[in-house]
Amino acid sequence: MAAAPDPGLPLRRNAALVPTDSAASRSLAAVIAILTFLAGLCAGTAEMVATSAGQWQGSVAREVTIQVRPGPGRDIEADLAKAQGIAKAEPGIAEARTFSKAEAERLLEPWLGSGLDLSDLPVPRLITLKLGTPTPDLKHLRASLTEALPGVASLDDHVLWLQRLSTMANTFVGVGIGIVALVLVATGLAVAFATRGAMAGNKEVVEVLHFVGADDDFIARAFQRRFFGLGLRGGAIGAGSALLAFALAGLLSRAWRSGPAGDEIEALFGAFSVGWRGYASVLAIGVIASLVTGVVSRLTVRRFLA
């Protein structure tokens, strides 16, 4: 026969089985908030990179470049005019723009520096083509250029660069997803340890509940409700902090855009906006962290009571 409970146990009417205002509960909520904040930053950044990469790919895919190399005894301006004429005659080419010699030399400044005299160097000249509809036959255009200007004109459709950009973006997104998964696993482990600690600290209360007829499912639900509340609090704080961080970053990027480095920052990160999918992913992580907290606590209690 089960022993009667000790009358000296500190039980109070309407007292919570798992107090949420203790130091341990506040610490667990803080840990969940920090982990949710880190996971939200990773998810939002991965979404921003994926969006920016898609925009870059769309912009680059709508343009191709003709490179015309100067040669001994050749008139580079005549070769440029001929290549541009061949390109404009191709169906689907919406616009053709020839870079001047000064513009072509400025493209080399990031590698060679400014102030150099490049007039004696055989700097290639470029023609950028904007693709329209219907999509032009680039193979036919490449063959026409090779036939008309052999060894002088070449067509670059940027396919290799697009493939590398896509690989880089997919790798970054995959790493971000992996980090989010690891953070959620760490959240589950922290909740499991906290639940076992709470069970050990409330062992006498659990014995009293068993004595008065409470089953394991009732006790597990009590722990689940309490830890779900902690997870919801920590997830909301962490997700809100991540959203605030992205909002502040957007404001700072708009302020920096008016400075001398604004063009470079905008070219690399765009408008530093994660978009609605990024914000939705951050909010989803906060909800998932809460659900993980509740589910893990329930499973841990059931294993502890088994």
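# Helix packing in a predicted model

Leaving aside its neighbours within four places in sequence, Leu165 is in contact with Ala53, Trp56 and Gln57. These atoms belong to a predicted model. Leu165 sits in helix H6. Is Leu165 buried or exposed? Its relative accessible area is 7%. Buried means under 20%, so Leu165 counts as buried.

## The whole chain

Now step back. The protein has 306 residues, and 34% of them count as buried. It has 10 helices and four strands. Along the sequence, they follow the pattern α-β-α-β-α-α-β-α-β-α-α-α-α-α. What share of the contacts with a separation of 6 or more joins residues 24 or more positions apart? The share is 85%.

## Two helix pairs

Two packed helices are described by the angle between their axes and the distance between the axes. Helix H10 covers residues 275-305. H10 packs with H1, residues 23-61, and with H6, residues 159-201.

| Pair | Axis distance | Angle |
|---|---|---|
| H1 and H10 | within 9 Å | roughly 150° |
| H6 and H10 | 8 Å | about 40° |

Take H1 and H10 first. Their axes cross at roughly 150°. That makes H1 roughly antiparallel to H10. The crossing is right-handed. On the H1 side, the contact is made by Ile32, Thr36, Ala39, Gly40, Ala43, Gly44, Glu47 and Thr51. On the H10 side, the residues are Arg277, Gly278, Ser281, Val282, Ile285, Gly286, Ala289 and Thr293. Sorted by class, this contact of H1 with H10 has six nonpolar, eight polar and two charged residues.

Next come H6 and H10. In H6, the contacting residues include Val180, Leu184, Val191, Arg196 and Met199. In H10, they include Ile285, Ile288, Val292, Val296 and Phe304. By class, the contact of H6 with H10 has 14 nonpolar, six polar and one charged residues.

Ile285, Ala289 and Thr293 of H10 take part in the contact with H1. Ile285, Ala289 and Thr293 also meet H6.

## Helices with a buried face

Helix H5 covers residues 138-148. Which of its residues are buried? They are Leu138, Leu141, Ser144 and Leu145. Seen down the axis of H5, these buried residues fall within an arc of 120°, so they line one face of the helix. The face turned away from that buried side carries the exposed residues Lys139 and Glu147. What do the buried residues of H5 pack against? Their partners are strand S1 (63-68), helix H2 (76-89), strand S3 (125-131) and strand S4 (153-156).

Helix H7 covers residues 203-211. Its buried residues are Val206, Val208 and Leu209. Down the axis of H7, they fall within an arc of 160°, so they too line one face of their helix. Gly213 follows H7, and its phi is positive, near 105°.

Terms used:
Residues are numbered from 1 along each chain as its sequence is written. This is a predicted model: local features need pLDDT of at least 70, side-chain atom pairs count only at pLDDT 80 or more; totals for chains, interfaces and linings use all residues. Side-chain values use heavy atoms; hydrogens and water are left out. Buried means under 20% relative accessible area, exposed over 50%, partly exposed in between (1.4 Å probe, protein chains only). Helices (H or I, at least four residues) and strands (E, at least two) are DSSP runs, numbered from the N terminus. The arc is that of the directions from the helix axis to the C-beta atoms. Axes are lines fitted to C-alpha atoms, for helices over the stretch in contact, and angles run from 0 to 180 degrees between N-to-C directions. Angles under 35 degrees count as roughly parallel, over 145 as roughly antiparallel, 65 to 115 as roughly perpendicular and the rest as oblique. A crossing is left-handed if the near helix is turned anticlockwise from the far one by less than a right angle, and right-handed if clockwise. Contact means heavy atoms within 4.5 Å. Ala, Val, Leu, Ile, Met, Phe, Trp, Tyr, Cys and Pro count as nonpolar, Asp, Glu, Lys and Arg as charged, and the others, Gly among them, as polar.
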